[in-house]
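Reader: I would like to learn how to read the features of a model such as this one. Please take them one at a time.

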Amino acid sequence: MSAVTPTDPPATTRVPVGFTLNFALFGAPLAWSLQLVFGYALSAHACFPVDVPLVTPVWGSLWWILLGIDFAAVSIAAAALLTAFGCRAAWRAAVPRNAGERRNRFLAHWSVPISALFSIAVVFTIVMLFIEPVCNY
């Protein structure tokens with residue numbers, strides 16, 4: 001086994017790229033978008049099936065279905081936010097050597113505020129489920 005000499009290049013650190021960095025950047029916005037699309041589509045169909053708005057939804061368990069969609073969205077957004085914190089910490093210690101690494105470092109730093117803001121949007125959408133009735137016309 002050879003000893004490390006001062007002329008050896010420094011060990012490179014592993015920094016997140018690819019799926020991890022993309023999930024950190026786009027996971028929370030995608031969770032919020034899917035939460036809105038599926039929640040709106042299901043509640044619109046259950047509360048306004050043909051041409052007359054209903055006071056109670058067609059499905060009695062609509063509130064629980066919407067709550068399940070919301071909890072799935074908040075778990076994806078929280079996972080994206082935690083991944084963003086990890087990406088930012090890893091890239092903060094790294095020294096970028098080329099344009100691609102500088103771009104990845106920039107994306108890692110911006111993934112934290114983006115994921116945080118969209119995680120807050122997911123939580124606000126969940127709050128509306130408790131404030132407003134499901135079928136409100």
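Author: Helices (H or I, at least four residues) and strands (E, at least two) are DSSP runs, numbered from the N terminus. Phenylalanine 85, for example, lies in helix H2. The model is predicted: local features need pLDDT of at least 70, side-chain atom pairs count only at pLDDT 80 or more, and totals for chains, interfaces and linings use all residues. Residues are numbered from 1 along each chain as its sequence is written, and side-chain values use heavy atoms, with hydrogens and water left out.

Reader: How many helices and strands are there in the protein?

Author: The protein has three helices and zero strands. Along the sequence, the pattern reads α-α-α.

Reader: How is the packing of two helices described?

Author: Two packed helices are described by the angle between their axes and the distance between the axes. Axes are lines fitted to C-alpha atoms, for helices over the stretch in contact, and angles run from 0 to 180 degrees between N-to-C directions. Here the axes of helix H1 (residues 19-47) and helix H2 (residues 62-93) come within 7 Å, crossing at roughly 170 degrees. That makes H1 roughly antiparallel to H2 (angles over 145 degrees count as roughly antiparallel, under 35 as roughly parallel, 65 to 115 as roughly perpendicular and the rest as oblique). The contact of H1 with H2 has 20 nonpolar, six polar and one charged residues by class. Nonpolar means Ala, Val, Leu, Ile, Met, Phe, Trp, Tyr, Cys and Pro; charged means Asp, Glu, Lys and Arg; the others, Gly among them, are polar.

Reader: Is leucine 21 buried or exposed?

Author: Buried means under 20% relative accessible area, exposed over 50%, partly exposed in between (1.4 Å probe, protein chains only). Leucine 21, found in helix H1, is buried, with a relative accessible area of 4%. Buried residues make up 27% of the 137 residues in the protein.

Reader: Where does phenylalanine 85 fall on that scale, at 41% relative accessibility?

Author: Phenylalanine 85 counts as partly exposed, at 41% relative accessibility. Its C-alpha atom is separated by 8.3 Å from that of alanine 24, 61 residues apart along the chain. Valine 123 is found in helix H3 and counts as partly exposed at 38% relative accessibility. Valine 123 and aspartate 70 are 8.3 Å apart in space, C-alpha to C-alpha, and 53 residues apart in sequence.

Reader: How many aromatic pairs does the structure hold?

Author: A pair of aromatic rings is described by the distance of the centres and the angle of the planes. Rings of Phe, Tyr and Trp (its six-membered ring) pair if their centres lie within 6.5 Å; planes under 30 degrees apart count as stacked, over 60 as edge-to-face and the rest as tilted. The structure holds five aromatic pairs. One of these, tryptophan 32 with phenylalanine 118, is tilted: 5.5 Å centre to centre, with 55 degrees between the planes. Tryptophan 32 lies in helix H1 and phenylalanine 118 in helix H3, so the pair ties together parts that are 86 residues apart in sequence. Tryptophan 32 is partly exposed at 26% relative accessibility, and phenylalanine 118 is partly exposed with a relative accessible area of 27%.

Tryptophan 63 and phenylalanine 130 form an edge-to-face pair, 5.4 Å centre to centre and 80 degrees between the planes. This pair links distant parts of the chain, with tryptophan 63 in helix H2 and phenylalanine 130 in helix H3, 67 residues apart. Tryptophan 63 is partly exposed at a relative accessible area of 25%, whereas phenylalanine 130 counts as exposed at 52%. Ring pairs also link Trp63, Trp64 and Phe130 into a cluster.

Reader: What lines the largest pocket?

Author: On a 1 Å grid over the protein atoms alone, a pocket is an open set of points where a 1.4 Å probe fits, with protein on both sides within 12 Å along at least five of seven lines; lining residues have an atom within 4 Å of a point. The largest pocket is lined by 21 residues, and Gly39, Tyr40, Ser43, Leu66 and Val134 lie nearest its centre. H1, H2 and helix H3 (99-131) are the elements that give two or more residues to this lining. The largest share, seven residues, comes from H1. By class, the lining has 14 nonpolar, five polar and two charged residues.
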